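Please open the model in a viewer and keep the selection tool at hand.

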Amino acid sequence: MKKINMTVLTPDRPLLSNVEVDSIVIPAFEGEMGILPDHAPIVVQLKEGILKYTVSGVNEFLSVFWGFAYVKNNEVVILTEMSELMKEINEERARQEFQKAKDAITMKGADMDMDTAQASLKKALVRMKLVEIRNKSKV
Amino acid sequence: MASLRDIRKHITSVKSIKQITYAMKMVAAARIKKAQNSMLLARPFAIKMNEAIAMLKNEMKESDFKKSSFYDLFENEYTSENIGLILITSDKGLCGSFNVNLIKKTLSFIRENSDKRIHIITIGKKGRDFLRRVRMPHVYFYYEMFGIFPKASYVHAEIISQQLIKMYRGKKLSKVHIIFNEFKSMISQNMVEKVFLPLESAFESKFQDENLQSDFYFEPSKEKLLEGLIERDIKSQLYRFLLESQAAELSARMTAMENASKNAGDLINDLTLKMNKTRQAIITTELNEIVSGAGALEE
């Protein structure tokens, strides 16, 4: 079976480079998008969400916060500002962040930056979801 | 001649200075590995980013490109007398000529452009303090950031680039220069002064013919994608400059502190020699006195 070569890059470090995967589901800007081998060339913008990829039958997950993906000749390059492997996420911290972001929004201080608060809430949500998936797969 | 006690005191103080400089050297040496590493890790992202931009620009028609909202980042018609400057220095001293060179360059830049208004973004305390002190009438502070070294991260680059774009568009700057030190090797830094905005046509590539169909799908439109990418490209370039400067600062500090430790060692040797000479001189005089005293008694 044909494989896709996936590379995930962040400004701080290359997260994955040239991993051979069977399929990828990326959180595109207008909804999730599945990519299988021999996909048509495409450039998409990503929003925050969970990137799912399958390596020889096993599902793996990444968190992605804003970025781009381009697909060409069975090669997928994902450029993202921030990304974490599932195992890197700290459950306790994700929960705290979520609580903090939620508090910030409900309090609505006069000098609060709504965009920033929303963004951090979304980030926390993605992390929480990933933690959930991780916990389920463990059981 | 200095007394024995004075020399001893001097030696102790030099010794403690040597300890400090040596410790600083070791700290810088330990950090530099990390700084170099993060430079290496940031590279693939920047390379792919440039590739993606070149590719997207290839796909665009020239007329669309000229109409797009980010065209002003590439070429602008502002002929105003407002120009910008980004100065990256260190927060702390004790790093040899690292900051001195930057400041000299900045001064000559300010003098050359004395007929223009210069808006400045400073990163690092040293540059800010210096420019505060000189106070030129045509120099304006726009934004300052400090305390980020040696832990500069992408978030810092993000904030700076937001401010930069705001300044560029808000003040209608005709160009923005950047002055910083580039990391060349463990022992040498390279000072760089160049035009940062408008972006060089580093992605100099052909435009699509007006009616050629491309094989790529785009979601959302090319213009939107490119707009986002270019903003990110500015960030990733700034991030690279921060990392370069950070590594260069550490390497400059390491060399400076190594020299200082060596000099302190030499000084201690000299002083010890002097101390021993003085001690011997004192003993000789004492002996002389005793012998001559004894001789006087015999007579």
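In which element of chain B is Lys15(B) found? Select this residue: Lys15(B) belongs to helix 1 of chain B, where helices (H or I, at least four residues) and strands (E, at least two) are DSSP runs, numbered from the N terminus. Lys15(B) is partly exposed, with 14 other C-beta atoms within 10 Å; a residue is buried if 20 or more other C-beta atoms lie within 10 Å of its own, exposed if 12 or fewer, and partly exposed in between, with C-beta atoms placed from the backbone.

The model is predicted; local features need pLDDT of at least 70, side-chain atom pairs count only at pLDDT 80 or more, and totals for chains, interfaces and linings use all residues. Residues are numbered from 1 along each chain as its sequence is written, while chains are lettered from A and ligands numbered from 1 in the order in which they are written. Colour chain B by pLDDT, the predictor's confidence in each residue, from 0 to 100: the mean is 86, and 94% of the residues reach 70 or more. For the complex, the predictor gives an ipTM of 0.80 and a pTM of 0.84.

**The sheet of chain B**

Next, display the open sheet of 5 strands in chain B, which has the order 3-2-1-4-5 and mixed pairing; two strands pair if DSSP finds at least two bridges between them. Strand 3 (139-145) and strand 5 (189-197) of chain B each have a single partner strand, so one side of each is left without a neighbour in the sheet. From one strand to the next, the twist averages 20 degrees; axes are lines fitted to C-alpha atoms, for helices over the stretch in contact, and angles run from 0 to 180 degrees between N-to-C directions.

Select strand 2 (residues 117-123) of chain B, which runs parallel to strand 3 of chain B and is joined to it by 6 bridges. Within this pairing, Ile121(B) has Tyr143(B) as its bridge partner.

**Between the chains**

Show both sides of the contact: 21 residues come from chain B and 19 residues from chain A. On the side of chain B, helix 1 gives the largest share, 9 residues. At this boundary, strand 5 (residues 42-46) of chain A pairs in the parallel sense with strand 6 of chain B over 3 bridges. Val44(A) is the residue opposite Glu219(B).

**Chain A**

Move to strand 6 of chain A, which is joined to strand 3 (residues 23-28) of chain A by 3 bridges, the two running antiparallel. Here Lys52(A) is the bridge partner of Val25(A). Strand 6 of chain A also pairs with strand 7 of chain A in the antiparallel sense, over 7 bridges, and Tyr53(A) stands opposite Glu60(A). Their hairpin has 2 residues between the strands, and Ser56(A) takes a positive phi near 35 degrees.

Finally, select helix 2 of chain A, whose buried residues are Ala117(A), Ala124(A), Val126(A), Arg127(A) and Leu130(A). Their cover includes strand 6 (49-55), strand 7 (58-72) and helix 1 (91-107) of chain A.

Technical notes
Contact = placed C-beta atoms within 7 Å.
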